[in-house]
Amino acid sequence: MNADLHCHSTVSDGQLAPTAVAQLAQSGGVTLWSLTDHDEVGGQREAREAAAALGMRYVCGVEISVTWASRTVHVVGLNVDPACAPLVEGLARTRNGRAARAEAIGERLEELGIPDAYAGALRYVSNPDLISRTHFARHLVESGRAENTQDAFSRWLGEGKPGYISHRWAKLADAVSWIKAAGGEAVIAHPGRYRYTQLEFDTLFGEFIDMGGKAIEVVTGSHTPDQYGEYAAVARRFGFEASRGSDFHAPGPGTIAPGSLPPLPSDLKPVWERWL
Ligand code: AMP
Ligand code: MN
Ligand code: MN
Ligand code: MN
């Protein structure tokens, strides 16, 4: 089983339409796929149909932006019913603040000597409800203010950088409850990316379990290979099931293609076993 349960399309901050991501996944050997756009399930029908046409198993997915202890955590919902009202309404509320936040990022960048960043970012946005920092990053790269997307975050857009505007996303308990209402499983995405203390991590994982959370991502394009081992150990310690996904956003050098990461450590229980 080559499962890739974390990918993005033009429905959020990815560069390819759902069908094109499905084709890349299939050609990369993926046999179980999920498209997990940020805060949005508008691509699920296209993704499911494309997966069926290509002979891949599919589970509907979403990656929800959450604020926990004043920082952003991403929670992936897998095997959700994308028509479930509490999920659809919760995601709509989560997306709500993005437009004003983007204007604020644009104003901040303007103060920093980068005019027209808001208009520039908008040129890369396909879904007007989902303007993301990634769209600003593309503009910063294209206009020569950053070497690549990663550099745009390191210089301008990342937490604590001059172009960073803090934002309140969904509550963890709400995100988990929407996913559960939609019949899905909640997965803490790329835990290695969060700058929490050990105590905060333990509290986060404990609260997540109390809410009914069962899994974390272990092998993800947003972890270093060292972090695969580190979060495999966390999964063992907390009894979490494990997930795997590229976190694919765009093709190109330095990006991880769907299906191309190593398998999960064999002693971990894959979150997808229940769906096979
Ligand atoms: P937003 O939801 O608007 O805050 O944007 C978050 C998105 O920015 C993430 O989903 C990633 O796609 C991207 N991102 C965040 N940090 C980085 C980074 N350090 N390098 C590259 N992309 C990043
Ligand atoms: Mn993203
Ligand atoms: Mn994420
Ligand atoms: Mn992601």
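Predicted model: local features only at pLDDT ≥ 70, side-chain atom pairs only at ≥ 80, totals over all residues.
Residues count from 1 along each chain as its sequence is written, chains are lettered from A and ligands numbered from 1 in written order. Local features need pLDDT of at least 70 and side-chain atom pairs pLDDT 80 or more, while totals for chains, interfaces and linings use all residues; side-chain values use heavy atoms, with hydrogens and water left out.

**Stop one: the whole chain.** The C-alpha atoms fill a box of roughly 50 × 45 × 40 Å along the principal axes. Now colour by burial: 53% of the 276 residues are buried (under 20% relative accessible area; exposed is over 50%, partly exposed in between; 1.4 Å probe, protein chains only).

**Stop two: Asn 79.** Select the loop between strand S5 (71-78) and helix H3 (85-96), where Asn 79 sits. Its phi is near 60°, a positive value in a residue other than glycine. Why call Asn 79 partly exposed? Because its relative accessibility is 29%.

**Stop three: Asp 116.** Move on to the loop between helix H4 (98-111) and helix H5 (117-122), which holds Asp 116. Here phi is near 65°, again positive in a non-glycine residue. Asp 116 is exposed, since its relative accessible area is 54%. As background for both stops, most residues other than glycine have a negative phi.

Technical notes:
Helix = DSSP H or I, 4+ residues; strand = E, 2+ residues; numbered from the N terminus.
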